[in-house]
2 protein chains.
Amino acid sequence: MNDKDELLKLENQLCFAFYACSREITKLYRPILSELDLTYTQYITMLALWEKDGVTVKDLGARLLLDSGTLTPLLKKLEAMQLITRDRDKADERNLVIRVTEHGAQLKEKAMCVPAQLSQQMNIPIEEVNSIRDQIQDLLSKLEPTV
Amino acid sequence: MNDKDELLKLENQLCFAFYACSREITKLYRPILSELDLTYTQYITMLALWEKDGVTVKDLGARLLLDSGTLTPLLKKLEAMQLITRDRDKADERNLVIRVTEHGAQLKEKAMCVPAQLSQQMNIPIEEVNSIRDQIQDLLSKLEPTV
DNA sequence: TTTTTTTAAATTGTATGCAATTTATTATCA
DNA sequence: TGATAATAAATTGCATACAATTTAAAAAAA
């Protein structure tokens, strides 16, 4: 195994570590979120909207780093679940304004226990989790200047 | 904004940091890998096979943390591209043995420059990259005991 | 040996992601 | 003002991910 081979080894790739770890974390959420009848992507979309709603698809996409190709069907699903509303902006009909419904706001109360459940499952000291999260956010900001 | 709200803020979620960063890194690969006519998942699959081939779908899946539902169509694609072969194990017909073809081995030479190209695009000190990669691998090993 | 269980891939169905294009609307320019 | 450009969503097409089921083959048990 020479240097050239080391270069392409899976375990040496930053990308694979991220890719694998991200999916493993998402898997931990699945059983917990199924109690809220949400997928992982629906969950982080609701997180963004609980923080700030009355936003456009574009705003939301900038926040989640997702485009309309992903968001449009996802938001239609959340609308069908009566968690959000999708209305055209009267002042500019190009914009679609997304708002959390009363039912959607109630779900937030149920979601409050999700982070604790996750944390318990991961069984990793909170300081360690926060440290790595901060480092990843720092890396992300270098990759995505607008974040 | 009280403590309860902090709990569900997007920026406080480890999962979102991973999810967003993983996708941003994958995006960096896209233009580079398009020169090899590979998608990102096809690329990491080839990385695993260049390291060790003659393995079953199950072996490969354990390595990449992917199941046959994802791998079967992906491997059929790579076979159609003549980068790999898919043959039943004569000793146990349940097993499908994956091997890299001559053409697939040639592609490895072209792939050699991918990590350097990526590194240049990311423009982040190698020590920093290695440090965060090691921390993520450590986290992954705690989440996925068999890795 | 026949039946049952286990195992490995493949298949099916649902939900993303994302590039590229299209549609509808608004802004800008000649 | 009328034509052109720009913008926001939606749509289309392709490639994952993954749970759940099915199929085929091998191993284990009756």
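Tutor: Of the 29 residues around DNA strand D, those that come nearest are A:Tyr19, A:Thr56, A:Lys76, A:Arg86 and B:Thr39, where a residue counts as near a strand if one of its heavy atoms lies within 4 Å of it. This is a predicted model, in which local features need pLDDT of at least 70 and side-chain atom pairs count only at pLDDT 80 or more, while totals for chains, interfaces and linings use all residues. Residues are numbered from 1 along each chain as its sequence is written, chains are lettered from A and ligands numbered from 1 in the order in which they are written, and side-chain values use heavy atoms, with hydrogens and water left out.

Turning to the DNA side, sugar or phosphate supplies 82% of the atoms of DNA strand D within 4 Å of the protein, and bases supply the rest. In chain A, a side-chain N or O atom of A:Tyr19 lies 2.4 Å from a phosphate oxygen of DNA strand D, and for the side chain of A:Thr72 the corresponding distance to a phosphate oxygen is 2.8 Å. Chain B takes part through B:Thr41, where a side-chain N or O atom is 3.0 Å from a phosphate oxygen of DNA strand D.

The elements that give two or more residues to this surface are helix H2 (14–34), helix H4 (57–64), H5 and strand E2 (84–88) of chain A, together with helix H3 (40–51) and H5 of chain B; helices (H or I, at least four residues) and strands (E, at least two) are DSSP runs, numbered from the N terminus. By class, the surface near DNA strand D has six nonpolar, ten polar and 13 charged residues, with Ala, Val, Leu, Ile, Met, Phe, Trp, Tyr, Cys and Pro taken as nonpolar, Asp, Glu, Lys and Arg as charged, and the others, Gly among them, as polar.

As for the chain behind several of these elements, chain A has eight helices and three strands, arranged along the sequence in the pattern α-α-α-β-α-α-β-β-α-α-α. Its C-alpha atoms fill a box of roughly 65 × 35 × 25 Å along the principal axes.

Methods. A polar contact is a pair of N or O atoms within 3.5 Å; within protein, one must be able to donate a hydrogen and the other to accept it, and residues adjacent in sequence count only if both atoms are side-chain atoms.
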